Amino acid sequence: MAKTPGRSDLPAAPNPASPQDIRNVVLVGPGGAGKTALFEALVAARVPGQRTGTGDHVRTTTLTAASFESGPVTLNLLDTPGYPDFVGDLRAGLRAADAAVFVISGADDIDRPVSLLWRECAAVGMPRAVVVTHLDQPRADFAATVETCRRTFGDARATHWPVVEDGSVTGVVGLLTGETSDEHEDARSALIESVIEESEDATLLDRYLEGETIDTESLLGDLRTAIAQGTFFPIVPVSPLTGAGVEELLAMVEQAFPDPTVHPLPAVTSPVGGPVSGVACDPSQPLVAEVVRTTTDPYVGRLSLVRVFSGTLRVDETVHVSGHLGDFVGHEVAGHPAHDDDERVGPLASPFVDGHRPRGTAIAGDLVLVTKLTRAETSDTLSSVDRPAVVAPWLLPEPQLPVAIRAATKSDDDKLGGALQRLVAEDVTMRMEHSHETDQVVLWTMGQAHVDDLIGQLAERYGVTVTAEPYRTSLRETFVRRCSVQGRHVKQSGGHGQYAVCSIDIEPLPRGAGFEFVDKVVGGSVPRQFIPSVEKGARLQLEKGLLTGHPVVDVRVTLTDGKSHSVDSSDVAFQTAAALALKEAANASTMALLEPIDRVDITIADEYLGAVMSDLRGRRGQVLGTEPADGMGPEGGWTVVHAEVPQAELSRYPIDLRSVSHGTGSFVREPLRHDLLPADKAKELLGG
């Protein structure tokens, strides 16, 4: 395997003997809560010579993985971005993991996006723990944070309590195993009661209420079982800077977090949708694995982070690669066409922060880096050649923020297409389109931070400099009143000339009617063989536009009369005459512009409903109705707003909705129709 950047003193790659020896854990939470600092502290506690950071971290925008031995298990630890624009890497981390650690700040409230992510994990039965950081800040209050967690997350209890001296967290006390004092008594009693309620021993609660002392080992056993089953959620205070709580969290991961055999497998079918037998988290079963992330390493080239769900992945083995993302989202996904190929597996490596260690196999339940998989993209499935399979991919929100980009130089333009294709293949949360109507290359993204990151990647990874420009919507022209005109094309320049005259009536049609051509010629004034030429000429000119270069729609063209010449009339001459007639009819009094209108469905927390409705009115939106949102939890509190909004007013809506709704709102949209563009807006769009 080619050399990768990093230190040469890393220990050998972990080599778990069975899935029961593996723990896959993902760190999630809001930006600024300290996930990356915690990630570094956990790695440093188990990998000799690995240093922790200073506490000052830039915003994480990508998924980071580190595989290392932690006590008796191999820990595959994943750090995810907290900023919502990078939800693709967050979801990739959730797909690769079997348990989640929610990292929240003890100095801040728990926001709505975090509670929604908690519910999402609950829906798939993922075990969870809570780590509270920033307890050295003046506003921090661990006891208050524990109560907030209980209100937000449910059956969450502190299993440890911080020791704070001179504003710094110097240690933690185990409420079941440590030397507690009177100040911990309430929290300890609450924890014991919660553990007893989760116990499978039905007599335990009665014995406890009768005053019997329950031995600590029994309580710890029941606690670990409840954590692994995802019915109890421990809260642990941790200070990455001082290391307080790090060992306690790692011990919990090693002893209480579930191994991959416990976590349910995603749905697996054959490429044609049929059943696939024998799929299980067992190294001896048929291979089923998924590419959860694709990147490019400057030393080794293409790198695919793969989660093995069933069987064993081996170096130099030929596998079947299936990609059918469009079948699951209901439409073709740019950069991810449906495909089924066979490919030989390149060198395998165990992921690490700043270097990767070679390995020969990866068993069911493990995470591994595969180099040079040229036919496999993010969300594709790797399986046995004789038993091809498709793993149902994790679903992501549609990118809704468009940004138009243009290459800075001719050299940049030559490289731009290839660079964008690679970015689209790696990032399933972006979409690229080339609008021929507006002559713009448009990237559909998750937000402004996503835009900045993509432009940065183009410059840093591919040496392509681009500039962003305003996104233009695809307008239409239409006739707004009836008119009659004549098109005359007569030329004589030696030899055969060109002669065609056609008289046409033009009248507007209802929205969405398209184009109609009617022949009302009598007496043979236009020979029959040239009538299709008039229609063809009209169609071509309407597609080019008449006033502004936008296509003309919803119009009826009626050929009423004309003239021809026995020698000089031709197909081309009548096409030209029809085009000239339409140009003659086009002016500011007969025509108007149409703008695209989108159907928008917005899901919003009820407390922000009024603000969202007011914002829609400011966007010339028409609210069609509202209804309670489904699937947002039994307590409700969410509403779906159905509206029609001009597409031009939605170009920055993902950013504005996030602001108006404090990060809780989401929306989907679909093209609906074109409607008349107000005159003042037409002047704005067309520069007066």
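The largest nonpolar core of this predicted model brings together 87 residues, and Leu77, Leu78, Ile235 and Phe257 have the most contacts inside it. Take Ile235 as an example: beyond its neighbours within four places in sequence, its contacts include Val130, Val132, Phe142, Val146 and Cys149. Ala156, Arg157, Ala158, Thr159 and His160 are also among the contacts of Ile235. Another core, of 30 residues, lies apart from the largest one, and Ala500, Ala578, Leu582 and Ala585 are among its members. In soluble globular proteins, nonpolar side chains tend to be buried together.

Now for the aromatic side chains.

| Pair | Ring centres apart | Angle between planes | Arrangement |
|---|---|---|---|
| Trp118 and Phe153 | 4.0 Å | 15° | stacked |
| Trp118 and Phe233 | 4.9 Å | 80° | edge-to-face |

Trp118 sits in helix H3 (residues 112-123) and Phe153 in helix H4 (residues 142-153), so their pair ties together parts 35 residues apart in sequence. Phe233 belongs to strand E9 (residues 233-237), so its pair with Trp118 in helix H3 ties together parts 115 residues apart in sequence. Trp118 and Phe153 are both buried, and Phe233 is buried too.

Stepping back to the whole protein chain, its secondary structure comes to 16 helices and 34 strands. Of its 688 residues, 52% count as buried. The C-alpha atoms fill a box of roughly 110 × 60 × 45 Å along the principal axes. Among contacts between residues at least 6 apart in sequence, 75% join residues at least 24 apart.

Notes:
Residues are numbered from 1 along each chain as its sequence is written. This is a predicted model: local features need pLDDT of at least 70, side-chain atom pairs count only at pLDDT 80 or more; totals for chains, interfaces and linings use all residues. Side-chain values use heavy atoms; hydrogens and water are left out. A nonpolar core is a set of buried Ala, Val, Leu, Ile, Met, Phe, Trp, Tyr and Cys residues joined through side-chain atoms within 4.5 Å. Buried means under 20% relative accessible area, exposed over 50%, partly exposed in between (1.4 Å probe, protein chains only). Contact means heavy atoms within 4.5 Å. Helices (H or I, at least four residues) and strands (E, at least two) are DSSP runs, numbered from the N terminus. Rings of Phe, Tyr and Trp (its six-membered ring) pair if their centres lie within 6.5 Å; planes under 30 degrees apart count as stacked, over 60 as edge-to-face and the rest as tilted.
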